[in-house]
Amino acid sequence: MQPNSQRHLRTAGRMVATEPWWLRALLIALAVSAVVWLIVIPLVYVFWQALGQGIFVFWKNIWHDPDTRHAIWLTLTVAPLSVLLNTIFGIAAAWVITRFQFPGKSLLVTLLDLPFAISPVVAGLMFVLLFGMQGYFGPALREWGIRVIFAWPALLLATMFVTLPFVARELIPLMHALGSDEELAAVSLGANPWQMFWRVTLPNIRWALLFGIIQCNARALGEFGAVYVVSGHIAGETDTMPLRVEKLFQEYNNPGSFAVASLLALLALATLLSKLALERLMAADEPRKEETA
Amino acid sequence: MSISIRHVFKRFGAFVALDDVSLEVPTGKLVALLGPSGSGKTTLLRIISGLETADRGTILFQDEDVTDRRVRDRHVGFVFQHYALFRHMSVFENIAFGLRVRHTPKAEVTARVEELLTLVRLDGLGKRYPAELSGGQRQRVALARALAVRPQMLLLDEPFGALDAKVRQELRTWLRRLHEEMHVTTVFVTHDQEEAFEVADQVVVLRSGRIEQVGTPENVFDHPATPFVMDFLGNVNVFHGRVQNGQMHLGPFQMDFPDYPHDESKAATAYVRPHELAIDRTQVTPTALPARVLQLNPSGSVVKARVASDELGIELTVDLVREQAATLQLQIGDRVFVSARNVRVFMPSDFTI
């Protein structure tokens, strides 16, 4: 079993400290200062800049700029949609990989990790080359009146590409460990495939699935590189929140830029909190039901 | 509901799991599929259930061909080796599952589940989760879950394999009693010959994807059809010798073997079960074998004696009844005579005696 699936099931045992006090102090100081300098100070700075001129200016920056408003709306549409599609894909991929034997299976598993390995900019370029006006499918789609590049479908494609592995990666080791016996038992008791999935498979994988969805969502909200290449950066049309932050910053509109940035940071914090809450819930739920055999 | 298996073949890649297997399981009988691992017994069970499909051959329930019928339409109760209980459901919900997916009315579900909890002696444990149960309790939940939908037959894969000896013994007796109450056709897989003999009406011995012998426990035990069956059914003493003119020759010893009256001398193997050997202080018959006592181990109701024959250069195991052991007063190193009450001779290349 891969450590990935066990991460949230394991509770760390208490360790006996054997290192000298000064080494412990040094390591703790290093860790704390890294967190403070790399995470806490920038985060506080973002909020300080955004709210520095008061809550009304912040509100004006967010709400009274139609382009910013559109960017927020676009991000809040594209991200959930790509998360939804990737959840469906992730479950299907994990199912196929853990329940069936077929030629090319290991290749599929490897390809699944490609989005993690490849630079998002390269991914964006691939889509431009495929669907752009000079690309392979672009002109044909154009004739059908479908615009992909420099429009929202490209944003969706790019976001889906970079977040593709999250759900599947979370599910595969778990479903491997669970095996298919419970599912076979359900079928032998008369369940149809739909009942089997909703009543047996899903409850068994729900925590890992939620975990994958949260991670997928965090990445989808913040995606910049791939989206940057395919969006064409059209204000009020294809600018997502991260792109809007960059554009406002380039235009020397620091308060506006930091306002959107702080909103993104808030969304990220919300994601983090839901992850934390989820881990608490899991810890409360598992002890009774965890298989000991 | 009777089961007919006709000329079933199954291979996994290059491995032949079942090689032309045909078997009849009469209605209401309790049948054990017995064999070592890799003999195809579990594959056969899964093919009956529909969890696995045969490459060739047909499966009939009563007179109906179910070969192409899906698992969930076969209406069989299947109990998995490791129970496969739904870990996120309570015991109650586990047992209710089959009824729920068939949209049985709530009141009926509750009544049936309570009835089954009583049947498997788990009253009051309905709210527990599988992880909170002992192995034996889990096994009974698995059984209740399979029985809840009133299946046409019950199929059990190594039902007691993962339990400790005492619980296993209890559950065997209990399963036998349960079967007598319900009379539902039952097939179970086991590699434990004792279990098969104790529980089943009929024993099917499998080896490398083929059926070696089918019969009642007494029949199979007393008249094993092949050396494999003889060997598999527990400890045996093996003598290698030759047969000629109705006699079997074992070194300087010989005994009657009327099944082979021919002149030509042929290699043969004689098998004698430990309880079919007797130990005496004196040479009571001319064929008794002089031997030396090597080891004495009390084991349950018998004393297992290990003796060596210097003439034949072999060691034998003899089961002595306690009283007999007490009268003989054997000591390690004692000189004794071993005689056989019953000998089975098998000739290689000709197993059909």
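## A walk through a two-chain predicted model

Among the elements of chain B, the lowest mean pLDDT, 76, belongs to strand β13 (residues 253-256) of chain B, while helix α3 (residues 91-100) of chain B has the highest, 95. Here pLDDT is the predictor's confidence in each residue, from 0 to 100. Helices (H or I, at least four residues) and strands (E, at least two) are DSSP runs, numbered from the N terminus. Over chain B the mean pLDDT is 88, and 98% of the residues reach 70 or more. The model scores ipTM 0.78 and pTM 0.77.

Residues are numbered from 1 along each chain as its sequence is written, and chains are lettered from A and ligands numbered from 1 in the order in which they are written.

Let us stay with chain B for a moment. Its secondary structure comes to 10 helices and 20 strands. Taken along the principal axes, the C-alpha atoms of chain B fill a box of roughly 75 × 45 × 35 Å. Of its 353 residues, 41% count as buried. A residue is called buried if 20 or more other C-beta atoms lie within 10 Å of its own, exposed if 12 or fewer, and partly exposed in between, with C-beta atoms placed from the backbone. For contacts, the rule is that the C-beta atoms of two residues, placed from the backbone, lie within 7 Å. Among the contacts in chain B with a separation of 6 or more, 64% are accounted for by residues 24 or more positions apart.

One residue to look up in chain B is B:F12, which sits in strand β1 (residues 3-12) of chain B. B:F12 has 10 other C-beta atoms within 10 Å, so it is exposed. B:F12 and B:L99 are 87 residues apart along the chain, and their C-alpha atoms are separated by 34 Å.

Now turn to chain A, which has 15 helices and 0 strands. The C-alpha trace of chain A spans about 65 × 60 × 30 Å along its principal axes. Buried residues make up 33% of its 293 residues. Of the contacts in chain A between residues at least 6 apart in sequence, 74% join residues at least 24 apart.

The domain assignment, automatic or from a database, divides chain A into domain 1 (19-51) and domain 2 (55-284). The C-alpha centres of domain 1 of chain A and domain 2 of chain A lie 30 Å apart. Their contact takes 6 residues from domain 1 of chain A and 8 residues from domain 2 of chain A. On the side of domain 1 of chain A that touches domain 2 of chain A, the residues divide into 5 nonpolar, 1 polar and no charged. In this scheme Ala, Val, Leu, Ile, Met, Phe, Trp, Tyr, Cys and Pro count as nonpolar, Asp, Glu, Lys and Arg as charged, and the others, Gly among them, as polar.

Because 11 of the 14 residues of α10(A) are buried, the helix is largely enclosed by the rest of the structure. Among the buried residues are A:F166, A:R169, A:E170 and A:I172.

At A:I172, α10(A) bends by about 25°, and a proline, A:P173, follows within four residues. The bend is the angle between axes fitted to the seven residues ending at a residue and the seven starting there. A:P173 has 19 other C-beta atoms within 10 Å and is therefore partly exposed. After α10(A) comes A:G179, whose phi is positive, near 75°.

Further along, helix α14 (residues 241-250) of chain A has buried residues including A:M241, A:R244 and A:L248. Just after α14(A), A:Y252 takes a positive phi of about 60°.

Finally, where do the chains meet? In all, 20 residues of chain A are in contact with 21 residues of chain B. On the side of chain A that touches chain B, α11 (181-188), α12 (193-222) and α15 (254-289) of chain A each supply at least two residues. The largest share, 7 residues, comes from α11(A). The residues of this side of chain A divide into 8 nonpolar, 6 polar and 6 charged.

Key
This is a predicted model: local features need pLDDT of at least 70, side-chain atom pairs count only at pLDDT 80 or more; totals for chains, interfaces and linings use all residues.
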